[in-house]
Amino acid sequence: QVQLVESGGGLVQPGGSLRLSCAASGIIFSIFDMGWYRQAPGKQRELVATFSSERITKYADSVKGRFAISRDNAKNTVYLQMNSLKPEDTAVYYCHAQKVYGLVEYEYWGQGTQVTVSS
């Protein structure tokens, strides 16, 4: 079955850095668009960054210049490097995989990893 397993979350001080990883299994990783989303308490889940199978990246305005998404197709892994972290970055971060074949969409989510930015 498909599994997306995130790791790398934790507690960090403002201005610090974290690197999230998401290891995928059960899918042909290279053809999937991969992304990171986050959900803060009391808020809706929002897009953080995506890295398409065509190697096009997209970022939320709130993280541009601070976060960087990358992927290693040989390791079936997508990463999110987070620098200059702010308290408002505190959220559960979710890995996302998506592939659309015509009218059929394949979409998978990881279980989430907590990121807390606090002094």
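Author: Lys and Arg count as positive and Asp and Glu as negative, while His and the chain ends are not counted. The place of each charge is taken as NZ of Lys, CZ of Arg, CG of Asp or CD of Glu. By this count, the chain has 12 positive and 10 negative side chains. The centres of the two sets lie 4 Å apart.

Reader: What kind of model is this, and which residues count for local features?

Author: The model is predicted; local features need pLDDT of at least 70 and side-chain atom pairs pLDDT 80 or more, whereas totals for chains, interfaces and linings use all residues. Residues are numbered from 1 along each chain as its sequence is written, and side-chain values use heavy atoms, without hydrogens or water.

Reader: How many helices and strands does the chain have?

Author: The chain has zero helices and eleven strands. These elements are DSSP runs numbered from the N terminus: helices are H or I with at least four residues, and strands are E with at least two. Along the sequence, the pattern reads β-β-β-β-β-β-β-β-β-β-β.

Reader: What makes the radius of gyration agree with that of a compact globule?

Author: The rule for a globule is 2.2 Å times the number of residues to the power 0.38, and the radius is taken over C-alpha atoms. For 119 residues a compact globule would have a value near 14 Å, and the chain has 14 Å, so the two agree. The C-alpha trace spans about 45 × 25 × 25 Å along its principal axes.

Reader: Why is the pair C22 and C95 called a disulfide?

Author: A disulfide is a pair of cysteine sulfur atoms within 2.5 Å. The sulfur atoms of C22 and C95 are 2.1 Å apart, so the pair meets the cut-off. A search of the whole structure finds one disulfide.

Reader: What makes E6 count as buried?

Author: Buried means under 20% relative accessible area, exposed over 50%, and partly exposed in between, with a 1.4 Å probe and protein chains only. E6 has 6%, so it is buried. C22 and C95 are both buried as well, and buried residues make up 41% of the 119 residues. E6 lies in strand β1 (residues 3-7).

Reader: Which residues is E6 in contact with, leaving aside its neighbours within four places in sequence?

Author: Contact means heavy atoms within 4.5 Å. Under that definition and with those neighbours set aside, the residues touching E6 include C22, W36, C95 and G110. Across the chain, residues 24 or more positions apart account for 54% of the contacts with a separation of 6 or more.

Reader: Is A49 buried or exposed?

Author: A49 has 0% relative accessibility, so it counts as buried. A49 is found in strand β5. Not counting residues up to four places away in sequence, A49 touches M34, G35, W36, K58, Y59, I69 and L80.

Reader: Why is L47 called partly exposed?

Author: L47 has a relative accessible area of 23%, so it falls in the partly exposed class. L47 lies in strand β5. With residues up to four places away in sequence not counted, L47 touches W36, Y37 and A60.

Reader: Where does N76 lie, and what is its phi?

Author: N76 lies in the loop between β7 (67-72) and β8 (77-82). N76 has a positive phi of about 55° although it is not a glycine. Its relative accessible area is 25%, so N76 is partly exposed. Leaving aside neighbours within four places in sequence, N76 is in contact with C22, A23, A24 and F29.
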